[in-house]
Amino acid sequence: MVTTMRTSSHQGTAKTFDSLNPATGEPIGTFGVFGEHEVAETVARAREAAQWWAGLPGKERKARMLAWKSYLTRYIMRIAELMHAETGKPVADAQLEVLLAVVHIDWAAKNAAKVLGPHKVRSGIVAINQVSSVEYQPLGVVGVIGPWNYPVFTPVGSIAYALAAGNAVVFKPSEFSPAVGGWLVSSFAEVVPEYPVLSLVTGFGESGSLLAKSGVDKIAFTGSTKTAKKVMAACAENLTPMVAECGGKDALLVSADADLDAAADAAVWGALSNAGQTCIGVERIYVAQDIYHTFLEKLAERVKGLRPGDDREANYGPMTMPGQVEVIEQHIADAMACGGRAVVGGLGSIRKPYVGPVILADVPESSTAITDETFGPTMTVTPVSSLSEGVKLANNSKYGLGGSIFAKNKNAAMAAARALNSGMTSINSVISFASVPSLPFGGSGDSGFGRIHGADGLREFSKAKAITRQRMKPMVNLTSFTRTDADMKKILTLASLLHGRKYK
Ligand code: NAD
């Protein structure tokens with residue numbers, strides 16, 4: 001099966017590359033490899049577009065964003081088929097992904113003015129003569145560098161919030177999903193034809209690096225931890241700020257009182273959907289000892305009938321990126337070599353470009369199958385003495401992205417959710433936080449920093465502007481050379497009354 005990318009020289013000038021269907025090897029389209037000049041030109045045009053877009057009344061920007069979500073909803077079948085062809089994911093999963101993106105565009109459009117518009121704040125007794133307010137202004141041009149695994153939902157998580165905050169966006173999709181990226185950009189031009197408010201840069205890592213160095217006002221990067229470090233180094237050249245949404249090794253915790261059928265069902269979806277190529281996918285499962293064997297049986301039972309493929313009945317597709325198969329193979333081999341056992345599948349599940357479902361049990365915590373992102377349709381299942389031991393093992397990771405807890409006891413579940421070292425946790429479901437647009441999304445450690453989605457996501461793509469307006473003369477003018485010793489005495493007396501009391 002041909003799944004690699006071909007590069008060629010196009011008419012002796014600009015380089016191009018073909019995007020290929022990962023299941024069949026058929027070409028999807030030919031795209032330019034943007035060089036320094038092309039990236040600089042795109043960013044310069046985006047700068048003009050940014051001025052126009054930021055100058056539109058908020059209501060007009062909102063109307064255009066809502067027109068975009070309506071366009072995406074109406075043409076969902078077209079984009080979903082393209083996503084299926086380019087990444088291999090089932091069409092229904094692609095549709096679900098677009099719907100999630102639509103929900104975020106809708107929320108960002110409807111909430112931008114409320115979150116970012118001027119808010120009065122209390123000035124405090126020392127500055128009682130001032131009226132103070134804070135508002136959030138657009139940054140200008142935001143560069144969005146995206147991955148291929150959720151080629152619509154993931155970049156839209158940055159693009160929608162950056163656009164709603166009044167910025168123009170230059171989008172560099174993954175070299176594995178340029179056709180979907182291009183379609184997304186064209187769809188926005190259908191509703192905003194005047195200026196390239198959302199524009200496209202295609203190519204490999206080097207084109208992304210050029211975008212990071214281009215002097216854009218922020219980079220929103222989603223991809224691997226390894227690449228994030230390179231992007232951060234490129235951003236450092238111009239002190240360009242960055243938000244980094246990187247990999248994960250999310251855990252699902254099952255308490256002894258959990259609804260085991262619901263937990264098994266969610267675990268299987270969380271681990272296997274999209275062939276496990278999900279940053280917030282379930283990779284590790286920690287199960288209370290008392291119900292461990294029952295849960296494992298339920299898990300195996302559910303996985304039995306599932307299979308990858310390119311046909312409409314397949315539960316998930318091929319590995320989009322050929323190189324990932326080796327990582328999966330290494331993790332399974334390491335787990336087995338360390339004394340783990342394959343309850344379902346194993347090394348034999350690998351039939352390129354497909355990987356069948358794999359359930360690994362009794363894998364030591366030191367194995368790469370537990371410590372590193374596998375990004376495949378595999379899961380490890382480990383018994384724990386309690387929910388708190390589950391939290392402890394889940395937290396013993398360099399990543400801190402998402403996670404889930406299955407437990408009937410609400411208080412225990414909430415306490416465990418708070419204790420998990422992750423940006424997001426779902427209780428009694430998986431991945432649900434991604435579908436709640438008002439919730440911030442992002443991680444810590446090797447999972448990155450900064451937040452997209454929600455009010456935090458809108459603020460991530462804006463700069464705070466503080467304004468004070470003097471509404472009356474101060475009782476004592478402290479910031480003047482006319483200030484007297486008597487003025488100072490008054491203020492020191494006030495300060496000692498307000499702040500000088502002893503605290504026990
Ligand atoms: P990747 O790091 O290989 O590539 C991501 C993007 O960065 C691509 O567009 C690529 O062309 C570009 N790039 C590569 N080198 C670059 C450089 N030196 N400078 C600038 N840009 C460069 O990641 P991937 O394989 O596309 O995506 C998979 C990874 O993304 C996984 O680790 C997954 O967990 C993560 N991911 C995270 C989230 C999240 O929200 N946290 C969401 C989806 C995927």
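**Exercise 1.** Over the ring of which residue does the charged end of Arg459 sit?

*Solution.* The model is predicted, with local features needing pLDDT of at least 70 and side-chain atom pairs counting only at pLDDT 80 or more, while totals for chains, interfaces and linings use all residues. Residues are numbered from 1 along each chain as its sequence is written, and side-chain values use heavy atoms, with hydrogens and water left out. A charge sits over a ring if NZ of Lys or CZ of Arg is within 6 Å of the ring centre and within 35 degrees of the ring normal. The charged end of Arg459 lies over the ring of Tyr136, 5.5 Å from its centre. Likewise, that of Lys89 sits over the ring of Tyr150, at 4.1 Å from the centre.

**Exercise 2.** Classify the pair formed by the rings of Phe17 and Phe31.

*Solution.* Rings of Phe, Tyr and Trp (its six-membered ring) pair if their centres lie within 6.5 Å; planes under 30 degrees apart count as stacked, over 60 as edge-to-face and the rest as tilted. This rule gives eleven aromatic pairs. For Phe17 and Phe31, the centres are 6.0 Å apart and the planes stand at 40°, so the pair is tilted.

**Exercise 3.** Is Val103 buried, exposed or partly exposed?

*Solution.* Buried means under 20% relative accessible area, exposed over 50%, and partly exposed in between (1.4 Å probe, protein chains only). Val103 has a relative accessible area of 34%, so this residue is partly exposed. Beyond its neighbours within four places in sequence, Val103 is in contact (heavy atoms within 4.5 Å) with Ser435 and Pro437.
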